[in-house]
Amino acid sequence: MRTRTLIGLAALALCAGAQAQKSTADGIAEYRKMLEDGNPADLFEAKGEALWSQKRGPKNASLEKCDLGQGPGVVKGAFVTLPRYFADTQQVQDLESRLVTCMATLQGFDAAEIAKTPFGSGEMANVTALATWIAASSRGLRFNLPQSNAAERQSYEVGKRAFYFRGGTHDFSCASCHGEEGKRIRLQDLPNLTKNPGDGIGFAAWPAYRVSNGQMWSMQLRLNDCFRQQRFPYPGFGSEVTIALATYMGVNAKGAESIAPAIKR
Amino acid sequence: MQTRREMLSRSVTVAGLLAAAGFLPTSALAAWPQAAFDAKSLADAVKALGGSAPVESKDVSITGPDIAENGAVVPVGCATTLPGVKRLLLLVEKNPNVLAAVFNVTDAIEPNLSTRTKMGQSSNVYAVAMMGDGKVLYAAKEIKVTLGGCGG
Amino acid sequence: MNKFRILNAAAAAAAMLAGCASAPAPAELDNQASKAIKSSFRDQGIAKVDRLAQDLGQAACSSDKAPDDAVADKIMAEALYTVKWPANGQYIGDWRTGERLAQDGRGMTWTDSSTDPKSNGGNCYNCHQIDKKEISYGTIGPSLWNYGKNRGITDVASPATAPIVQYTWVKLWNSKAYSACSNMPRFGHKGLLDEQQLRDIMALLLDPKSPVNQ
Amino acid sequence: MADPMRIRAQAAGDKTTVRVLMSHEMETGQRKDSAGKVIPAWFIQEVTATHNGKTVLTADWGPSISKNPFLQFVVKGAKAGDKIAISWVDNKGDKRTDEATVS
């Protein structure tokens with residue numbers, strides 16, 4: 001009799017625990033839902049759209065002839081096919097490094113100078129705003145990165161190796177957090193980026209507005225801060241590893257619907 | 001009832017006096033209710049806005065998530081089903097200064113507003129309705145703020 | 001059905017062969033990847049590029065395949081050898097300080113100013129459930145709720161608890177001693193936490209008075 | 001000068017829901033920079049909303065409103081084609097006004 005009561009109590013306690021856990025997840029989901037209506041990424045999107053057609057830089061030109069891989073001036077659909085190989089630069093480029101190329105060739109800006117500028121300031125802030133608008137122009141489209149060029153295939157393979165590369169003081173690699181299903185850090189769900197993590201998850205969500213610091217984060221900054229948390233040294237803007245990782249994640253995300261720019265914690 | 005214009009002109013006078021006395025108001029706007037925004041409690045904030053002691057009421061509602069993943073942005077809303085509301089306030093009990101927003105409501109809008117506030121920690125959040133007849137009614141809700149991310 | 005499968009397999013093999021003909025060999029790609037990693041990073045603050053120089057375990061655990069048993073055994077043996085035992089056999093500190101360290105996820109990034117363990121946190125809640133009161137916990141590692149209680153610890157000073165206490169110390173000092181490619185940082189071995197900080201985390205996990213064991 | 005606001009005003013029946021995003025730091029004055037110096041307070045203090053030129057709402061805000069503020073309210077009687085204008089003034093005296101057409 002007594003034992004039964006005890007077991008009953010224990011079962012009750014277990015249930016209560018499970019319920020509390022569920023309500024935490026529900027509460028967080030409810031919070032995220034509330035934020036979706038009115039994503040401040042809109043502010044950056046509007047800024048990027050205006051920057052695209054504005055005559056600027058030493059050559060006083062707009063970016064309207066910029067080729068993002070779909071032909072000069074074509075913005076819609078470009079985001080879901082990047083990174084890709086560009087014959088004029090003979091390089092695989094992601095959206096941001098490609099934008100910097102256009103700002104240099106069309107507008108006369110100094111590409112190296114922009115690459116050195118901290119995120120969120122000067123021309124780098126403009127690159128982020130432009131990337132936000134260009135990503136938004138492919139909202140609802142599905143990822144389909146080209147892999148027909150040898151350089152694109154090599155970028156994928158280098159990216160995969162960089163993804164699993166362990167180092168630093170804490171022995172972390174990208175795969176430490178993003179190599180398995182259903183894991184989280186604190187309350188943040190961690191997408192498994194070694195495969196297609198699903199519509200609007202992982203690569204298909206960035207650029208994103210970060211509510212924790214009120215900043216617009218491009219994929220370059222997303223990767224930069226991943227490496228910071230990994231306790232790695234500093235990855236250069238547009239460096240080979242960052243672009244190869246984007247290729248790896250982008251190819252893995254084939255068929256995933258882009259919701260970028262998203263809103264994140 | 002004091003009109004907004006009267007309030008403005010009176011505040012301008014006060015600001016002028018303060019400036020003359022060497023106290024520079026931190027606010028660029030004379031009408032901004034500094035004392036209310038300096039208040040440390042619900043009662044003090046309402047008092048600074050000229051209101052009576054607030055009474056809990058089912059006719060006022062406060063909306064927000066049960067848990068906020070990040071205290072930097074917490075979506076909150078305040079509303080009332082009663083006619084004749086003059087002001088709706090939003091307050092966060094455990095913030096250093098409790099008052100977040102004062103909405104001076106007219107008949108041309110619904111007495112139902114939403115915004116987003118910062119929360120330093122888990123806390124009660126209040127919606128307050130200051131009515132035309134002098135009544136001050138409020139509703140409270142607890143919002144938990146969790147620690148997110150890698151914490152570094 | 002069977003025939004279809006065979007045909008499919010043949011097609012796959014042909015595709016692989018065709019792929020091999022034009023694609024660089026895996027070793028060549030490994031080479032490209034290490035060149036890319038070398039050229040992509042620079043020193044920033046306390047985070048220098050020497051952090052990319054891998055030791056045996058880091059190198060062996062850098063792919064989607066686990067190292068073979070012989071390599072794994074070598075990593076574990078070397079890791080166990082590195083463990084430094086606490087002075088005076090004192091394993092248990094203050095669980096309150098341990099909880100603070102467990103909550104703290106800071107340290108060793110390029111935005112941190114010092115590599116002194118005193119400025120580092122333990123990052124524990126990032127990956128583990130520990131005290132049940134904390135609802136914001138990660139799931140990369142197992143739950144540590146009731147860690148000591150589940151292992152029958154009622155008195156940390158009792159000699160009977162020594163195996164569990166020592167196991168836990170090793171796990172914190174150098175997690176690779178028990179699992180070659182463990183995701184857990186080597187807190188003692190890499191100088192992330194000092195002896196006293198490790199004692200405090202030990203207390204959080206093992207002390208019967210710790211909220212973890214209620 | 002501050003970046004433009006994003007204002008969306010959508011009519012449904014005789015009610016128009018207005019959603020506003022403002023570009024602003026909303027600095028509390030209680031944070032310190034990396035050198036340990038207090039970052040001075042900088043936040044929107046007053047917001048005014050008008051419907052076809054007539055004030056329908058004014059708000060006083062403190063520094064605890066989130067960065068890049070969001071505001072939502074419902075205007076009675078507004079219809080497609082009407083103008084909704086939002087203005088803000090911050091504690092440094094910077095100001096900004098933007099207008100949207102009800103759709």
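**View 1. Salt bridge between Asp30(C) and Arg161(A) in a predicted model.** The closest N and O atoms of Asp30(C) and Arg161(A) lie 2.5 Å apart. A salt bridge is taken as a side-chain nitrogen of Lys or Arg within 4 Å of a carboxyl oxygen of Asp or Glu. Between chain A and chain C, five salt bridges are counted. Local features require pLDDT of at least 70 and side-chain atom pairs pLDDT 80 or more, whereas totals for chains, interfaces and linings use all residues. Residues are numbered from 1 along each chain as its sequence is written, chains are lettered from A in the order in which they are written, and side-chain values use heavy atoms, without hydrogens and water.

**View 2. Extent of the contact between chain A and chain C.** Contact (heavy atoms within 4.5 Å) joins 39 residues of chain A to 52 residues of chain C. The buried area, that is, the accessible area (1.4 Å probe) lost on putting the two parts together, summed over both, is about 4200 Å², with 56% from carbon and sulfur atoms. Arg166(A), Arg186(A) and Tyr234(A) supply 21% of the area that chain A buries against chain C, more than any other three residues.

**View 3. Pairing of strand 7 of chain A with strand 1 of chain C.** These strands (DSSP E runs of at least two residues, numbered from the N terminus) pair in the antiparallel sense over two bridges; pairing requires at least two DSSP bridges. Phe41(C), in strand 1 of chain C, is the bridge partner of Pro235(A).

Terms used. Helices (H or I, at least four residues) and strands (E, at least two) are DSSP runs, numbered from the N terminus.
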